[in-house]
Amino acid sequence: MVNEWKEQAEVDPLRAAVFAQSLHTDDPPALRELEREALDAGVPIIRPQTRSLLHFLMEIKKPAAILEIGTAVGYSALYMHAYAGEGCRITTIEIDPDRAAKAAEHFAQADAGEDISLLIGDAAQILPTLEGPYDLILMDAAKGQYVRFLPEILRLLAPGGVIVSDNCLQDGEILESRFAVRRRDRTIHKRMREYLEALFAEPSLVSVLLEAGDGIALSVRR
């Protein structure tokens, strides 16, 4: 059994990711154009495997209300909007006013302004003002802030609701001792570990950490 597990563990994650992406059907042209624009501008957007997971969740969850923390230029909000189904309302929070302005422009171009509410400011200050509940919450903001947002996220999450926390492995650094990472990254490393420990210790949640993309923690409220 141990040898069998070792053989399974030797699968190259990069090759597996490329193969998985080759199976993914093409997204709408507007999303592909926005992806190219964001990548050309050096703006990080959700990775292909994260997109596939979100698409899957849209189909099985059929969320009526989604909360996103970290809008950037609006790609992930528009991605979820494309697959969530009619009537789904998305609230998205962005701290950077320049990126928020771009996102608002993209929402208007996609004629999604009535379905997507863009809130500009620090999520730590905005979250307590929201009422919820939300069927799906996407965490894709500054990684060191996830643990800071968690109490309000738990308050806003609907029964049976799902939290998708992106970039939890931090390009593999989260697996290392804090002393093995660059000094400037140690605070983020510490806070992400605290966040993951809190997620998995939270009695109201069932969580799993996936290797997809840059690491995705998937949590569902019991």
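What follows is a tour of this predicted model, from helix packing to aromatic pairs and then to the backbone.

Let us begin with helix H4, which spans residues 48-61. H4 is built from 14 residues, and the distance from its first C-alpha to its last is 20 Å, close to the 20 Å expected at 1.5 Å a residue. Several of its side chains are hidden from the surface: the buried residues of H4 are Thr50, Arg51, Leu53, Leu54, His55, Leu57 and Met58.

Two packed helices are described by the angle between their axes and the distance between the axes. H4 has such a partner in helix H5 (residues 75-84), and the two pack at an angle of about 35 degrees with their axes 9 Å apart. The crossing of H4 and H5 is right-handed. On the H4 side, the contact is made by Arg51, Ser52, Leu54, His55, Met58 and Glu59, while H5 contributes Tyr75, Tyr79, Met80, Tyr83 and Ala84. Sorted by class, this contact of H4 with H5 has seven nonpolar, two polar and two charged residues.

Now stay with H5 for a moment. Serine 76 also sits in this helix, and it counts as buried because its relative accessibility is 4%, under the 20% cut-off. Leaving aside residues up to four places away in sequence, serine 76 touches Ile46, Glu68, Gly70 and Leu138.

Leu138 gives us a way across to another part of the fold. The C-alpha atom of leucine 138 is separated by 9.8 Å from that of leucine 218, although the two are 80 residues apart along the chain. Leucine 218 belongs to strand E7 (residues 216-221). Again leaving out residues up to four places away in sequence, leucine 218 touches Leu53, Leu57, Val162, Ile163, Val164, Val206, Ser207, Val208 and Leu210. Leu53 and Leu57 bring us back to H4, where both are among the buried residues.

Next come the aromatic rings. A pair of aromatic rings is described by the distance of the centres and the angle of the planes. The count here comes to three aromatic pairs. In one of them, the rings of tyrosine 146 and tyrosine 195 have centres 5.2 Å apart and planes at 70 degrees, so this pair is edge-to-face. The pair links distant parts of the chain, with tyrosine 146 in helix H8 (residues 146-156) and tyrosine 195 in helix H9 (residues 186-201), 49 residues apart. Both tyrosine 146 and tyrosine 195 are buried. Elsewhere, ring pairs link Tyr75, Tyr79 and Tyr83 into a cluster, and these three tyrosines also take part in the contact of H5 with H4.

Finally, let us look at the backbone. Most residues other than glycine have a negative phi, and most peptide bonds are trans. Where does this chain depart from that pattern? Lysine 62, which follows H4, has a positive phi of about 50 degrees although it is not a glycine. Lysine 62 lies in the loop between H4 and strand E1 (65-69), and it is exposed because its relative accessible area is 53%, over the 50% cut-off. Aspartate 111 is likewise not a glycine, yet has a positive phi of about 55 degrees. Its place is the loop between helix H6 (97-109) and strand E3 (116-120), and with a relative accessibility of 69% aspartate 111 counts as exposed. As for peptide bonds, the one from glycine 132 to proline 133 is cis, with omega near -5 degrees. Proline 133 is in the loop between helix H7 (123-126) and strand E4 (134-139).

How values were computed: Residues numbered from 1 in each chain as written. Heavy atoms only, no water. Helix = DSSP H or I, 4+ residues; strand = E, 2+ residues; numbered from the N terminus. Buried < 20%, exposed > 50% of the residue type's maximum accessible area, 1.4 Å probe, protein only. Phe/Tyr/Trp six-rings, centres within 6.5 Å; stacked < 30°, edge-to-face > 60°. Axes fitted to C-alpha atoms, helices over the stretch in contact; angles between N-to-C directions. Left-handed = near helix turned anticlockwise from the far one by under 90°. Contact = heavy atoms within 4.5 Å. Nonpolar A, V, L, I, M, F, W, Y, C, P; charged D, E, K, R; others polar. Expected span 1.5 Å × (residues − 1).
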